[in-house]
Amino acid sequence: MSDSNDTAPKIDETKQAKTDDKTEESWSPFDEWWGKLLGAPLFWGIGYWLYYELGRLETEGGTVRINWFFALAYQLGGRWGAVGLCAVLGAVFLAWGLVHLASGTKKEA
């Protein structure tokens with residue numbers, strides 16, 4: 001009997017290298033500290049828009065399509081529930097970006 005293991009799967013190193021290259025290409029601004037910091041005013045701006053848009057709809061009537069998460073917050077807490085959700089998300093992104101900036105890391109997992 002032979003001790004060689006001919007049935008073991010062979011690893012194609014070129015495929016592994018291509019897989020590693022794909023992870024390098026998938027970049028997002030939210031990978032950087034400044035992208036997280038830009039997320040804060042983005043959510044605060046959405047909250048500002050929601051406050052006035054929902055207020056207008058409450059007085060004049062009508063409908064608007066919004067994300068289910070914001071619609072759930074509106075159903076649970078009214079206009080201030082939806083705006084509060086945006087404020088909290090903005091604060092989370094601000095804190096996350098500042099922690100990322102202070103830590104000096106290039107990327108967080």
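From the N terminus on, the elements of this chain run α-α-α. The model is a predicted one, and its chain has three helices and zero strands. Of the 109 residues in the chain, 21% are buried. Among contacts with a separation of 6 or more, 62% are between residues 24 or more positions apart.

**Helix 2 on its own**

- Helix 2 covers residues 33–60 and has 28 residues.
- From its first C-alpha to its last, helix 2 reaches 41 Å, which is close to the 40 Å expected at 1.5 Å a residue.
- The buried residues of helix 2 include four glycines, Gly35, Gly39, Gly47 and Gly55.
- Also buried in helix 2 are Ala40, Phe43, Leu50, Leu54 and Leu57.
- Two residues with charged side chains, Lys36 and Glu53, are buried in helix 2 as well.
- Helix 3 is included in what covers the buried residues of helix 2.
- After helix 2 comes Gly61, which has a positive phi, near 90 degrees.

**Packing of helix 2 and helix 3**

- Helix 2 packs with helix 3 (residues 68–103) at an angle of about 165 degrees, and the two axes are 7 Å apart.
- Because angles over 145 degrees count as roughly antiparallel, helix 2 is roughly antiparallel to helix 3.
- The crossing of these two helices is left-handed.
- The residues of the contact of helix 2 with helix 3 divide into 23 nonpolar, six polar and three charged.

- Ile46 is placed in helix 2.
- Ile46 counts as partly exposed because its relative accessibility is 29%, and partly exposed lies between the 20% limit for buried and the 50% limit for exposed.
- Ile46 is 41 residues from Ala87 in sequence, while their C-alpha atoms are 9.2 Å apart in space.
- Ala91 is placed in helix 3.
- With a relative accessible area of 38%, Ala91 is partly exposed.
- Ala91 and Phe43 are 48 residues apart in sequence, with a C-alpha to C-alpha distance of 8.9 Å.

- Pro29 is found in the loop between helix 1 (13–25) and helix 2.
- Pro29 has a relative accessible area of 35% and is therefore partly exposed.
- Leaving aside residues up to four places away in sequence, Pro29 touches Trp34, Gly35 and Lys36.
- Pro29 and Gly39 are ten residues apart along the chain, and their C-alpha atoms are separated by 9.6 Å.

Note on methods
Residues are numbered from 1 along each chain as its sequence is written. This is a predicted model: local features need pLDDT of at least 70, side-chain atom pairs count only at pLDDT 80 or more; totals for chains, interfaces and linings use all residues. Side-chain values use heavy atoms; hydrogens and water are left out. Axes are lines fitted to C-alpha atoms, for helices over the stretch in contact, and angles run from 0 to 180 degrees between N-to-C directions. Angles under 35 degrees count as roughly parallel, over 145 as roughly antiparallel, 65 to 115 as roughly perpendicular and the rest as oblique. A crossing is left-handed if the near helix is turned anticlockwise from the far one by less than a right angle, and right-handed if clockwise. The expected span of a helix is 1.5 Å times one less than its number of residues. Buried means under 20% relative accessible area, exposed over 50%, partly exposed in between (1.4 Å probe, protein chains only). Contact means heavy atoms within 4.5 Å.
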